[in-house]
Amino acid sequence: MKKLEYVIQKEEGLHMKEAVEFVDMTEEFRSEIEVEKKEVRMVSGKSLLGIISLIARKGDRLYVTVQGEDEEEAVEAIQKFFIEKL
């Protein structure tokens, strides 16, 4: 199991376009991927509605947990996504 922490840097936060891209990317992996915003429930990283419901804005911390047979590849893709998109 891998645990990651990110701070949203993008002025607009995590909007629909990025949420769709994130879910499309996570669906490529067999690992379980969960995303949590402090004081908000944990959601599946493969659920568009779940990701949108986090209402992640600039400065918010997101905690991502990845567990499964391809977790290393998933972690690399998630890290790249956050660096390039958020």
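Predicted model: local features only at pLDDT ≥ 70, side-chain atom pairs only at ≥ 80, totals over all residues.

Trainee: At what angle do helix α1 and helix α3 pack, and how far apart are their axes?

Mentor: Residues are numbered from 1 along each chain as its sequence is written, and side-chain values use heavy atoms, leaving out hydrogens and water. Helix α1 (residues 16-26) packs against helix α3 (residues 71-85) at about 165 degrees, their axes 11 Å apart; helices are DSSP runs of H or I, at least four residues, and axes are lines fitted to C-alpha atoms over the stretch in contact, with angles from 0 to 180 degrees between N-to-C directions. The pair is therefore roughly antiparallel, a label for angles over 145. On the α1 side, E18, E21, F22 and M25 meet A77, I78, F81, F82 and K85 of α3, where contact means heavy atoms within 4.5 Å. These contact residues divide into 6 nonpolar, no polar and 3 charged, with Ala, Met, Ile and Phe among the nonpolar types and Glu and Lys among the charged.

Methods:
Helix = DSSP H or I, 4+ residues; strand = E, 2+ residues; numbered from the N terminus. Parallel < 35°, antiparallel > 145°, perpendicular 65-115°, else oblique.
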